[in-house]
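Here is my note on the model you asked me to look over. Please read it with the coordinates open.

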Amino acid sequence: MSDFEKLINFLARENYGNLFTPLCGLIAIVTGFLFVQKNKVTIFFLIYLIIDFIFSLCDTYLQTFSSFSKYQIFIFITLTNTIISLAELLTYYYFFSKIIKNKSILRVMKILGFSFFLITVLLETTRFAFLTPRLIYIADVVGALEFLFLVPPSFVYFYELLKNDPVVNLYQRPSFWIVTGILFYSVISIPYLLIDRFVYDNQYEHRYLLDLAFFYIPFSLNLIFLTRAFLCKKTLTI
Amino acid sequence: MQKNTNDIIIFLLVASALILTMAVFIVMILYVYRKKQILFVRDIEQIKLNHEKTLVETQLEMQESTFRHISREIHDNINLSLTLAKLQLNTLNWNNQTESEQKLKTSIELLGLSIKELSAISKGLNTDLIKQQGLVNAVRNEIRRIRQTGLFTIDTIVTGNTVYLDAEKELIIFRMVQEAFNNILKHAEARHAELSFNYTDGTLYIAICDDGKGFEPHAGSGDTQAGLKNMTARAKMLGGVMDISSEPGQGTLLTFIIPCNEYAKRKHTDQSSDGR
């Protein structure tokens with residue numbers, strides 16, 4: 001079987017989700033570079049998108065062409081996914097810190113962000129070898145935790161949005177697209193990450209379809225919303 | 001196996017319900033925001049409309065006040081001078097050459113005085129100067145005109161970076177200053193007055209003080225109260241305030257605080273004093 005056939009088979013098995021999502025990521029990166037005012041928030045978003053894009057390519061390469069064992073690949077994916085989660089959480093928290101005015105929420109976000117950073121460092125360095133549950137379960141819980149931490153600031157954003165004077169049209173607010181995207185992605189991903197291992201362990205026949213419906217599509221939607229935010233041609237924090 | 005499939009179906013149902021809830025949530029946010037935005041735009045338009053209405057009312061009131069002023073000036077000064085001139089000319093006695101020459105001379109002087117007064121009224125009414133040279137220069141011109149009456153001396157002090165407001169607003173401020181000086185001319189019996197313009201932190205502070213006979217601000221006649229009320233209303237319309245401080249025998253201090261931070265600084269730094 002040629003490399004190309006291997007790649008096509010792999011993509012087909014995953015219902016082309018792992019082709020479509022990095023493509024959306026690439027579009028977001030290009031749009032971000034071309035259309036958005038460069039400030040700290042934009043740079044954080046671009047770094048996060050680039051990290052995610054590179055790791056997605058690496059994952060695809062490893063799963064298609066490499067001669068590493070399945071366990072080794074799994075460890076690599078888990079560790080890179082955790083780095084992506086950390087980059088994602090810190091980027092969005094930085095973004096939220098620029099748009100949310102409630103100081104108590106900002107303080108809580110600082111604590112949550114720091115806690116998540118510690119958990120990530122612990123996972124990367126020890127792989128939770130000291131715990132009874134396998135890394136395989138812990139990694140999903142850590143992923144779910146990230147999205148759980150992203151939901152409250154999103155709701156606070158909408159609360160403050162409705163509380164303040166609606167000077168700018170909602171569709172022209174980059175923050176509206178960004179927060180809507182991450183909220184959708186988070187709310188759908190939390191239950192899925194918690195059931196993910198159960199689905200794989202039981203070899204559920206439509207597991208790849210579930211991956212597509214509850215991970216790839218929401219993530220791609222988030223990236224499309226991010227691209228839309230970049231196209232607003234306004235500072236992302238508006 | 002059947003149990004596992006059921007668990008996954010339950011998960012699918014829960015996940016679908018979550019997606020639906022999120023979609024409804026976002027649609028509701030859009031709806032509420034849109035509704036709020038419509039109300040907000042309506043409020044802004046109402047505020048704009050009210051402001052424009054007040055502006056028109058103030059302009060009309062200023063116009064009325066100007067007409068009254070012209071009417072008084074014509075009646076009290078020009079009319080008097082012209083009547084006297086006419087009287088002098090009517091009673092010319094051609095048989096008495098010396099007396100006729102004297103009367104002609106007086107008539108010419110009276111006509112000259114009338115022309116001068118007409119010219120002064122015309123200059124006071126001309127608002128083009130404000131549009132062309134700005135408020136400060138127009139006020140300086142007005143002060144120069146008042147100085148020519150020789151009734152009292154005036155010092156003017158301008159400090160800070162001059163901010164140029166739009167012509168309509170500068171005209172209102174100009175009329176307020178003009179009215180304040182007209183009051184000094186008519187009622188204060190002052191020997192000295194001082195005018196200061198201070199532009200600081202996006203605010204224009206105007207102070208006009210005199211060493212005249214002063215008055216009780218809350219116990220003045222109907223006209224005085226109406227005049228002060230008009231000036232207060234004009235200052236308020238510009239988003240500012242007016243304050244008056246006076247006591248009988250202690251002179252009068254009139255201050256205006258007018259915000260002008262929304263306007264760009266168009267010209268050079270104007271820090272000058274041309275007092276004498």
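1. Basis. This is a predicted model, in which local features need pLDDT of at least 70 and side-chain atom pairs count only at pLDDT 80 or more, while totals for chains, interfaces and linings use all residues. Residues are numbered from 1 along each chain as its sequence is written, with chains lettered from A and ligands numbered from 1 in the order in which they are written.

2. Chain B fold. Chain B holds 5 helices and 6 strands. Helices (H or I, at least four residues) and strands (E, at least two) are DSSP runs, numbered from the N terminus. Their order along the sequence is α-α-α-β-α-β-β-α-β-β-β.

3. Burial and contact range. Of the 276 residues in chain B, 22% are buried. Buried is 20 or more other C-beta atoms within 10 Å of a residue's own, exposed is 12 or fewer, and partly exposed is in between, with C-beta atoms placed from the backbone. Take the chain B contacts between residues at least 6 apart in sequence: 69% join residues at least 24 apart. A contact means C-beta atoms, placed from the backbone, within 7 Å.

4. Helices α3 and α4 of chain B. Helix α3 (residues 128-147) packs on helix α4 (residues 167-188) at about 5°, with the axes 10 Å apart. The pair is therefore roughly parallel (under 35 degrees; over 145 is roughly antiparallel, 65 to 115 roughly perpendicular, the rest oblique). Axes are lines fitted to C-alpha atoms over the stretch in contact, and angles run from 0 to 180 degrees between N-to-C directions. Residues making the contact include Leu135(B) and Val139(B) of α3(B), and Phe174(B) and Phe181(B) of α4(B).

5. Leu129(B). This residue lies in helix α3 of chain B. Beyond four places in sequence, Leu129(B) contacts Asn137(B), Ala138(B) and Asn141(B). Val139(B) is 10 residues away in sequence, and 9.6 Å away from C-alpha to C-alpha.

6. Phe40(B). Helix α1 (residues 2-90) of chain B contains Phe40(B). With 14 other C-beta atoms within 10 Å, Phe40(B) is partly exposed. Leaving out residues up to four places away, Phe40(B) touches Asp165(A) and Pro166(A).

7. Contact between chains. Chain A supplies 18 residues and chain B supplies 16. On the chain A side, α6 (135-163) and α7 (174-201) each give two or more residues. The most come from α7(A), with 9 residues.

Definitions and conventions
Contact = placed C-beta atoms within 7 Å.
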